[in-house]
Amino acid sequence: MKWRGIGIKWGCTEYSLAVVGLVTIAVTVLVIMNTENIDNILKLRAVEGPRDNDMTTDAPVLVDLTLVESAAVEGAVCLDGTLPGYHLDRGFGSGSNSWLIHLEGGGWCNNLMSCAMRKKTHLGSSLYMERQIIFSGILSNKPSENPDFYNWNRVKVRYCDGASYFGDMEDEIQEYNIYFRGQRIWQAIMHDLLVKGMDKADQGLLSGCSAGGLASFLHCDNFKELFSRHAKVKCLGDAGLFMDMKDISGAYHIRSFYNEVVTTQGIVNRLPKSCTSRMDPTWLEWQCFFPQYFLPYIQTPVFVLNPAYDSWQIQNILAPSVADPHGHWQKCKLNIKECTPSQLATLQDLRTQMLNALQVFNGSRSGGMFINSCFTHCQTEMQVTWFSPGSPRLNNKTIAEAVGDWYFDRKVTREIDCPYPCDSSCHNLDFEA
């Protein structure tokens with residue numbers, strides 16, 4: 001399977017501008033509808049009740065964007081000050097009181113300049129968000145495509161704060177007219193969904209892709225607190241296990257980038273106290289933005305879905321262009337088939353470090369994982385990787401089946417693939433195609 005990529009050289013700001021949305025946008029079919037003015041935008045609403053039409057139709061479901069008008073009062077706004085939004089497709093039948101919240105991903109902005117650029121895109125302003133999108137993969141309403149969650153209330157939360165829904169700065173950055181209000185956006189959208197029936201839910205699942213996957217880990221315990229104590233609530237992070245590791249030059253470039261994100265957006269005081277209070281004295285609090293350090297302290301059951309050869313991490317953490325000035329890794333990080341034996345050995349070390357970070361799940365019945373040996377990034381949003389005849393499999397189990405077994409306690413699910421290139425079921429990305 002080949003995907004068309006962009007052959008650019010990544011610099012220091014690559015992390016913020018190489019928004020993980022490159023993959024997300026490339027694989028999600030989006031339908032853009034014209035809006036005449038802001039008044040029309042504010043009137044958009046998600047469908048409020050069960051559909052009268054046949055829910056098993058083959059026609060794709062177009063789901064409207066809802067902007068949260070009440071968010072402005074709380075200062076819960078996107079980078080540019082516009083209202084945050086989400087897409088809601090109502091559940092039906094046995095899933096009417098079950099809610100799946102999926103957090104959109106798309107990288108981060110790590111300084112005022114990159115955030116100022118980002119606010120002119122759909123990842124920083126609701127003015128540029130699609131008015132309708134198609135739900136597929138984990139958001140599909142068809143049992144043949146999403147066997148366990150098809151009839152749930154399914155929500156895609158749009159990402160417009162640049163810090164995994166976690167920024168928390170009181171004042172506007174007036175020089176750039178920027179707001180860092182990710183935490184308030186999270187709270188405002190959750191409140192809006194509670195009013196629309198989530199307060200009566202008996203089941204809840206918080207999921208997310210990439211930066212949204214990291215957010216699903218960060219907000220997991222808070223999400224649990226929104227429900228009654230009798231509700232079954234769990235969290236799924238898709239391609240959100242961003243590793244704190246050295247790049248090929250031996251430096252920790254990702255550390256400086258994450259430090260800038262945390263500092264710029266006022267995140268330090270929002271990081272899990274269970275993590276920051278227990279860090280080694282030689283380390284700094286902002287390192288608790290790396291999930292490998294705070295995952296052990298999450299109380300709510302968590303499922304980690306990640307490719308062992310995460311394409312975004314290879315391109316931006318392991319072999320960023322700043323660490324590869326002569327471009328020796330250029331072909332390898334665009335197509336894993338082009339890697340040399342020595343480069344593959346380095347990739348195997350990435351896999352080893354990831355598996356070591358997940359040892360926290362050893363002996364745990366509540367935690368789950370699906371770590372396949374694919375060169376890709378997010379896998380829940382694409383139908384072909386989530387649940388289809390050609391989907392990736394571990395022990396003859398698709399990702400959808402593994403997540404369902406874990407969520408409904410049908411089986412203990414900790415699937416770990418053999419090292420590359422053993423898995424023929426992968427849909428490896430090819431950015432050179």
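Residues are numbered from 1 along each chain as its sequence is written. In this predicted model, local features need pLDDT of at least 70 and side-chain atom pairs count only at pLDDT 80 or more, whereas totals for chains, interfaces and linings use all residues, and side-chain values use heavy atoms, without hydrogens or water.

The protein chain has an average pLDDT of 88, where pLDDT is the predictor's confidence in each residue, from 0 to 100. A score of at least 70 is reached by 87% of the residues. Over residues 1-54, pLDDT stays under 50. The model has 112 contacts beyond four places in sequence for this segment; a contact means heavy atoms within 4.5 Å. Where pLDDT is low, the predicted coordinates should not be read in detail.

Buried means under 20% relative accessible area, exposed over 50%, and partly exposed in between, with a 1.4 Å probe and protein chains only. Ser-98, Leu-100 and His-102 point one way, and Trp-99, Ile-101 and Leu-103 the other. In a regular strand the side chains alternate between the two faces of the sheet. Strand 4 pairs in the parallel sense with strand 7 (residues 203-209) over six bridges; pairing requires at least two DSSP bridges between two strands. Leu-100 stands opposite Leu-205 of strand 7. A parallel pairing over five bridges also links strand 4 to strand 6 (residues 153-157). There, Arg-154 is the bridge partner of Leu-100.

Strand 9 (residues 302-307) is likewise largely enclosed, because six of its six residues are buried. Val-302, Val-304 and Asn-306 point one way from strand 9, and Phe-303, Leu-305 and Pro-307 the other. Strand 9 runs parallel to strand 8, joined by four bridges, with Val-304 opposite Gly-237. Five bridges pair strand 9 with strand 10 (residues 368-372), again in the parallel sense. Here Val-304 stands opposite Met-369.

Strand 8 (residues 232-238) holds Lys-234. Lys-234 counts as buried because its relative accessibility is 5%. Its side chain reaches the backbone oxygen of Trp-406 at 2.9 Å. Beyond four places in sequence, Lys-234 touches residues including Leu-205, Phe-223, Thr-300, Tyr-407 and Asp-409.

The largest pocket has a volume of about 290 Å³. Of its 17 lining residues, Leu-218, Asp-221, Asn-222, Arg-270 and Pro-272 are the closest to the centre. A pocket is an open set of points on a 1 Å grid over the protein atoms alone, where a 1.4 Å probe fits, with protein on both sides within 12 Å along at least five of seven lines; lining residues have an atom within 4 Å of a point. Grid points are joined across faces, edges and corners, and the volume is the space filled by probe spheres set on them. Helix 7 (220-225) gives the largest share of the lining, four residues. Helix 6 (211-218) and helix 9 (273-276) each supply at least two.

Most residues other than glycine have a negative phi, and most peptide bonds are trans. The Tyr-420 to Pro-421 bond is cis, with omega near 10 degrees. Tyr-165 has a positive phi of about 60 degrees and is buried, at 1% relative accessible area. Asn-395 has a positive phi near 55 degrees but is exposed, at 68%.

Technical notes:
Polar contact = N/O pair within 3.5 Å; in protein donor to acceptor, adjacent residues only side chain to side chain.
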